[in-house]
Amino acid sequence: MVGQVEATAPLTSPLGGQPCVYSGVVVEERPGDRARSSVRIRDTAWTVFSLRDASGVAMVDPRGARVATAPRVTASGPFDRPDAREAAFLAAHGFASRRRF
């Protein structure tokens, strides 16, 4: 189904600051030059919303759903410090932004 999203209580994406109805963030840590990374934070949030198209309106509750999104990849490290939103997200999850994520 394709249509216009309508939400009475939209979320704010933690890294982009845009209104949304679903947000998923995975933070991986790659200490040193090791090839393997480990997941340090896995955070998802959603809200119930309506999807309107020419045939009408459907209520959508994404709880438990498989959600396909266009990923936005961002990285920070010793030479590329996290921006303010990234640093705030890390701090809210108990991580200092001095690490390389």
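Mentor: Let's begin with a term: a helix here is a DSSP run of H or I with at least four residues, and helices are numbered from the N terminus. Keep in mind that the model is predicted.

Trainee: Thanks! Which residue takes a positive phi just after α1?

Mentor: Helix α1 covers residues 84–92. Look just after this helix for a positive phi of about 80°; the residue that takes it is Gly-94.

Trainee: And at the start of α1, which backbone nitrogen does a side-chain oxygen of Asp-83 reach?

Mentor: Go to the other end of the helix, where the side chain to follow is that of Asp-83. One of its oxygens comes to within 3.1 Å of a backbone nitrogen, that of Arg-85.

Trainee: How wide is the arc that the buried residues of α1 cover around the axis?

Mentor: The buried residues of α1 are Glu-86, Phe-89 and Leu-90. They lie on the same side of the helix because their arc around the axis is only 95°. On the other side, Ala-84, Ala-91 and Ala-92 are exposed.

Trainee: Which elements give two or more residues to the largest nonpolar core?

Mentor: The core consists of Leu-15, Val-25, Val-27, Ile-41, Phe-89, Leu-90 and Phe-95. In soluble globular proteins, nonpolar side chains tend to be buried together. The elements that give two or more residues here are β4 and α1.

Trainee: Is Thr-47 buried or exposed?

Mentor: Thr-47 sits in the loop between β5 and β6. Its contacts beyond four places in sequence include Ala-9, Pro-10, Cys-20 and Pro-62, and its side chain reaches the backbone oxygen of Ala-9 at 3.4 Å. Residues under 20% relative accessible area count as buried. Thr-47 has 13%, so it is buried.

Trainee: How far apart are the C-alpha atoms of Ser-23 and Thr-47?

Mentor: Ser-23 is found in strand β4 and is buried at 8% relative accessibility. Leaving out residues up to four places away, Ser-23 touches Pro-14, Asp-43, Thr-44 and Ala-45. Along the chain, Ser-23 and Thr-47 are 24 residues apart, while their C-alpha atoms are separated by 9.5 Å.

Trainee: Which residue in β7 is the bridge partner of Leu-51?

Mentor: Strand β6 is antiparallel to β1, with three bridges between them, and there Ser-50 stands opposite Glu-6. Strand β6 also runs antiparallel to β7, joined by five bridges. These last two strands form a hairpin with two residues between them. In β7, Leu-51 has as its bridge partner Ala-58.

Trainee: One last thing: what share of the accessible surface belongs to carbon and sulfur atoms?

Mentor: Of the 101 residues in the chain, 22% are buried. The accessible surface of the chain comes to about 7,400 Å², and the share that belongs to carbon and sulfur atoms is 52%.

How values were computed
Residues numbered from 1 in each chain as written. Predicted model: local features only at pLDDT ≥ 70, side-chain atom pairs only at ≥ 80, totals over all residues. Heavy atoms only, no water. Core = buried A, V, L, I, M, F, W, Y, C linked by side-chain atoms within 4.5 Å. Buried < 20%, exposed > 50% of the residue type's maximum accessible area, 1.4 Å probe, protein only. Areas by Shrake-Rupley, 256 points an atom, 1.4 Å probe, with all protein chains shown as cover. Polar contact = N/O pair within 3.5 Å; in protein donor to acceptor, adjacent residues only side chain to side chain. Contact = heavy atoms within 4.5 Å. Arc of directions from axis to C-beta. Pairing = 2+ DSSP bridges.
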